[in-house]
Amino acid sequence: MEPGADDIRPTVSQLEEEGDAAADYIEELLDVADLDGDIDIDVRDGRAYVSVTSTSDSNLRLLSKPDTVSALQELARIAVHTRTGAFSRLILDIGGSREARQAELVALVERAIQRIEDGAASASLPPMSSYERKVVHDIVAGEGFVSVSEGEGRDRHTVITAK
């Protein structure tokens with residue numbers, strides 16, 4: 001990413017174009033894999049969100065594992081970049097994977113907070129993506145605690161402390 005690129009917010013129109021490009025890519029992938037899924041595109045909080053759901057008894061769950069969703073999200077971001085020439089921060093959800101991960105993060109934060117309440121000065125969480133760290137920071141703030149990200153690259157993680 002270029003210096004100062006964080007300061008430039010994509011327009012709603014650009015985010016919708018990102019969502020369309022990602023949805024096209026995911027739709028082709030589902031066709032190749034012979035999986036059924038409905039694709040929804042949403043724009044909020046300066047990001048495009050692409051969700052894949054299925055109302056039938058589908059084997060879409062095969063793609064909803066966290067590592068698989070992360071890999072597909074990166075591939076979708078590459079597809080967006082190829083089509084638009086712009087860096088994408090889109091979020092992909094397959095079969096409710098983001099809600100499931102949110103619940104895991106809430107439980108992880110609750111255990112960390114319990115360690116602090118039991119006398120620990122701080123509690124470090126495992127390394128995670130910037131998006132997941134943002135979710136964790138929001139959860140921690142909602143619980144009345146403080147969190148910061150520490151480390152570099154793949155080792156970047158969240159540390160929670162009391163106020």
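**Chatting through a predicted fold**

Colleague: Hi! Let's start with Asp 45: buried or exposed?

Modeller: Asp 45 counts as exposed, because its relative accessibility is 64% and the cut-off for exposed is over 50%. Keep in mind that this is a predicted model.

Colleague: Good to know. Where is Asp 45 in the chain?

Modeller: Asp 45 sits in the loop between strand 1 and strand 2, the latter being residues 47-53.

Colleague: And what is its phi like?

Modeller: Phi of Asp 45 is near 55 degrees, which is a positive value in a residue other than glycine. Asp 34 also has a phi near 55 degrees, and again that is a positive value in a residue other than glycine.

Colleague: Where do I look for Asp 34?

Modeller: Look in the loop between helix 1 (12-33) and strand 1 (38-44). Asp 34 has 66% relative accessibility, so this residue counts as exposed.

Colleague: Let me zoom out. How many helices and strands does the chain have?

Modeller: There are four helices and six strands. Going along the sequence, you read the pattern α-β-β-α-β-α-β-α-β-β.

Colleague: What does the C-alpha trace span?

Modeller: Along its principal axes, the C-alpha trace spans about 55 × 45 × 25 Å. The chain has 163 residues, and buried residues make up 33% of them.

Colleague: What share of the contacts links residues 24 or more positions apart?

Modeller: Counting contacts with a separation of 6 or more, residues 24 or more positions apart account for 54%.

Colleague: OK, on to the inside. Which residues have the most contacts in the largest nonpolar core?

Modeller: Those are Leu 30, Val 52, Leu 63, Leu 90, Leu 92 and Ile 94, in a core of 17 residues. The elements giving two or more residues to this core are helix 1, strand 2, helix 2 (66-84) and strand 3 (91-94). As background, nonpolar side chains in soluble globular proteins tend to be buried together.

Colleague: Let's stay with Leu 30. What does it touch, leaving out residues up to four places away in sequence?

Modeller: Leu 30 touches Leu 35, Gly 37, Ile 39, Val 52, Leu 60 and Leu 63. There is also a second, separate core of 15 residues, which includes Leu 108, Ala 112, Val 140 and Phe 145.

Colleague: Helices next! At what angle do helix 1 and helix 2 pack?

Modeller: Their angle is about 120 degrees, with the axes 8 Å apart. That makes helix 1 oblique to helix 2, and their crossing is right-handed.

Colleague: Changing topic: where is Arg 115 found?

Modeller: Arg 115 is found in helix 3, which covers residues 97-117. Arg 115 is partly exposed, with a relative accessible area of 39%. Setting aside residues up to four places away in sequence, Arg 115 touches Ala 120, Ala 123 and Ser 124.

Colleague: How many Å separate the C-alpha atoms of Arg 115 and Val 80?

Modeller: They are separated by 42 Å, while the two residues are 35 apart along the chain. For another pair, Pro 10 and Ser 88 are 78 residues apart along the chain, and 9.3 Å separates their C-alpha atoms.

Colleague: Last one: where is Pro 10, and what does it touch?

Modeller: Pro 10 is in the segment before helix 1. Not counting residues up to four places away in sequence, Pro 10 touches Leu 15 and Gly 46. Pro 10 is partly exposed, with a relative accessible area of 32%.

Methods: Residues numbered from 1 in each chain as written. Predicted model: local features only at pLDDT ≥ 70, side-chain atom pairs only at ≥ 80, totals over all residues. Heavy atoms only, no water. Buried < 20%, exposed > 50% of the residue type's maximum accessible area, 1.4 Å probe, protein only. Contact = heavy atoms within 4.5 Å. Core = buried A, V, L, I, M, F, W, Y, C linked by side-chain atoms within 4.5 Å. Axes fitted to C-alpha atoms, helices over the stretch in contact; angles between N-to-C directions. Parallel < 35°, antiparallel > 145°, perpendicular 65-115°, else oblique. Left-handed = near helix turned anticlockwise from the far one by under 90°.
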